[in-house]
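User: I would like to learn how to read contacts between side chains. Please guide me through them.
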Amino acid sequence: MIRFAAALLVALASFAAQAQTTEPIDVVRKFYAQPPVENYTPYSKRLAGLYDAASAKSKELEEPVSGVDFDPTINGQDAEPNFQKTLRYQQTQRGGDRARIKVTFKNGRQSELWFDMILENNRWLVDDIQSVRGEAKWVFSKLLMDGAQGK
């Protein structure tokens, strides 16, 4: 009986760990879910800290600051109707506790975003986002750092 209980606990712990580690691409896809997942920000500890600092500066100044003045997942402030139909996802890198997901879509202009993922506390989280195509090139963590400084 004790062996059965121990085996059951190991199996449940393994199942819980697998449930948390989902695939990095699944975390990114959830940003674009329809209907939207409200307040969905699976940011790493580092990126969440930068976002909180920029948000605090925005409140202090009573105006938007760099990094919190647009939605990085759509590379703009507003989404075109049905832009989700143009979404394409590709995992381009994965090794150890890091992965990169490339997302392309058309929302006013053709966009390509790279989501840099990190495995923290057995969960895949977004550690940075980069826009790498056209005139709108940016790195989210850099925008947030600038925003936290009031730039």
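**Salt bridges and ring pairs**

Analyst: In this predicted model, D128 and R46 form a salt bridge, with their closest N and O atoms 3.5 Å apart. D128 belongs to strand β4 (residues 123–131) and R46 to helix α3, so the pair ties together parts that are 82 residues apart in sequence.

User: Where do E60 and K57 lie?

Analyst: Side chains of opposite charge can pair when their charged atoms come close. Here E60 forms a salt bridge with K57, the closest N and O atoms being 3.3 Å apart. Both residues lie in helix α3, three residues apart, which is about one turn of the helix. E60 is exposed, with a relative accessible area of 56%, whereas K57 counts as buried at 18% relative accessibility.

User: How many aromatic pairs does a search of the whole structure find?

Analyst: The search finds 10 aromatic pairs. Planes over 60 degrees apart count as edge-to-face. The rings of Y32 and F83 have planes at 70 degrees and centres 6.3 Å apart, so this pair is edge-to-face. Y32 lies in the loop between α2 (24–29) and α3 (45–61), and F83 in the loop between α3 and β1 (88–95), so the pair ties together parts that are 51 residues apart in sequence.

User: Which residues do ring pairs link into a cluster?

Analyst: The cluster links Y43, Y51, F70, W138 and F140.

Methods: Residues numbered from 1 in each chain as written. Predicted model: local features only at pLDDT ≥ 70, side-chain atom pairs only at ≥ 80, totals over all residues. Heavy atoms only, no water. Phe/Tyr/Trp six-rings, centres within 6.5 Å; stacked < 30°, edge-to-face > 60°. Helix = DSSP H or I, 4+ residues; strand = E, 2+ residues; numbered from the N terminus. Salt bridge = Lys/Arg side-chain N within 4 Å of Asp/Glu carboxyl O. Buried < 20%, exposed > 50% of the residue type's maximum accessible area, 1.4 Å probe, protein only.
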